[in-house]
Amino acid sequence: MKRNHIFYQTRLRLAAWYTLVMGSILGLSGFGVYTVVAHTYYETIDQGLKSVAKALHKSVEPAWQQPGHLQELAKELSLELCVASTSCLPKTTIIKQPINETGNQVNYYVRLLDSSEKVFASTGIEFDNLNPTVSSQPWQIITDAFGTRYRQITLPLYTQNQISGYLQVARSITDLDQHLAYLRLTLILGLPISMVFVALSSWWLAERAMQPVYLSYQQMQQFTADAAHEFRTPLAAMHSTIEAAIKLQLELKANHGTLDVLKRQNHRLSQLVSDLLLLTRIDQKQITVEHQPCCLNDLISDLIEELAFLAVENQVNLAGQMSVIKKVYVQGNEEQLYRLISNLIINAIQATPSGGKVTVFLEINELYAIIKVQDTGIGIAIEHQQRIFDRFYRVDRDRSRSSGGSGLGLAIALAIAQAHKGKIYVQSQIGLGSTFTVRIPL
């Protein structure tokens, strides 16, 4: 499969698509896992804070409405009342997390704010690093001067149905940030590693998936090659026999005409078998002739001279136009290049009505030699232009069969151009003619 360019490229594309699809699925799955885990962590923290805040609120609000009870409540809750702004909690107090299974200590704080949002009582972390804030939303995430983030819930305290203060309970979410950071790192590092395994698996799966198709393709190629080889021997024998019969029976005019028909059909069938065999060899890269420098100027001049009789027979003017003075050389197989250009010229002559013109151009640019075969023939419809290089495809079957065409000429031209790392294009309009352009690397 590696030796066949089409199947290798198809396998590569299949593996790339597999990898892209699986990578997208893994990426979306990882993002979903991260989102669910983060949401679950926040929900758990919020539920714990909400439970603590409600329990404190039930104890604080009655005492808040009776200022004389605040001292007793402060002692019970380990709250320090703030007489001045500098007397609140000179050191950090750490409250253990209520969930004993974790075994970790988490920074909490509880604060009572008056109606002007000044700290009235507090316990927990130092306030120099975290200023009190009251928002219209009960839940907030705030950050202190050191970059530590806290999840805070604020509940209003009422006196005679009017807000006279606030209760704030908060918890450090440093442990949550660390866990999420570890999870992000795991997902970010895990995705490329997973993609490597996915790519390798995709490459293997693409080969397994294409193996039956490739085997069928090989069998088809082998059949074509075997059939061509089997046809060659009897056709050669028939041809020799017909030649001998014509020489021995020149006086028998009737037999001579019959044998001439047989000879023409035999030649046509022999040409078809040769074309099939050439295509098969190009497909299987069995042609191992080393590429040599080939002069396109001489090749085109020879072809124009050799095919002049065909042009005269069809009453078509065949000419060459070289836009370059110096010799143009390409690396290639001269016999195959001869076949490529001759196929294009013969097709152009056959597609051009009497009185028309076929012109062969030779041009160059920095990288390529450019050969153009232009005719003033009947042209090719747009719907046919994409298929004219397919094997056995004929735009006009009646005309092709009457002129002896097999539908392999352009397929052979394309195969030879690709074997020389070149390309072939067609531009055509109905009634205005066609131009076939071949680009071959210099």
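**View A. Salt bridge between Lys327 and Asp298.** In this predicted model, Lys327 and Asp298 form a salt bridge whose closest N and O atoms are 2.9 Å apart. Because Lys327 belongs to the loop between β10 (317-322) and β11 (329-332) while Asp298 belongs to helix α5, the contact ties together parts that are 29 residues apart in sequence. Lys327 has a relative accessibility of 45% and therefore counts as partly exposed. Asp298, at 36% relative accessibility, likewise counts as partly exposed.

View B. A patch of negative charge on the surface brings together Asp302, Glu305, Glu306 and Glu334. Helix α5 (residues 296-306) supplies the largest share of this patch, namely three residues. Glu305 is situated in helix α5, and its relative accessibility of 63% means that Glu305 counts as exposed.

**View C. Salt bridge between Arg151 and Asp46.** In one of them, the side chains of Arg151 and Asp46 meet with an N to O distance of 2.8 Å. Arg151 is part of strand β7 (residues 149-159) and Asp46 is part of helix α1 (residues 5-65), so this pair ties together parts that are 105 residues apart in sequence. Arg151 and Asp46 are both buried.

View D. Strands β12 (residues 357-364) and β13 (residues 368-375) run antiparallel and are joined by seven bridges.

**View E. Salt bridge between Glu363 and Lys372.** The side chains of Glu363 and Lys372 meet in a salt bridge with an N to O distance of 4.0 Å. Glu363 has a relative accessible area of 25% and is thus partly exposed. For Lys372, which is also partly exposed, the relative accessible area is 27%.

**View F. Buried residues of helix α10 and the residue Lys421.** Helix α10 (residues 409-419) has as its buried residues Leu410, Ala411, Ile412, Ala413, Ala415, Ile416 and Ala417. Just after α10, Lys421 adopts a positive phi of about 60°.

How values were computed
Residues numbered from 1 in each chain as written. Predicted model: local features only at pLDDT ≥ 70, side-chain atom pairs only at ≥ 80, totals over all residues. Heavy atoms only, no water. Pairing = 2+ DSSP bridges. Helix = DSSP H or I, 4+ residues; strand = E, 2+ residues; numbered from the N terminus. Patch = residues over 30% accessible without salt bridge, like charges linked within 9 Å, V, L, I, M, F, W, Y side chains within 5 Å. Areas by Shrake-Rupley, 256 points an atom, 1.4 Å probe, with all protein chains shown as cover. Lys, Arg positive; Asp, Glu negative; His and termini not counted. Charge placed at Lys NZ, Arg CZ, Asp CG, Glu CD. Buried < 20%, exposed > 50% of the residue type's maximum accessible area, 1.4 Å probe, protein only.
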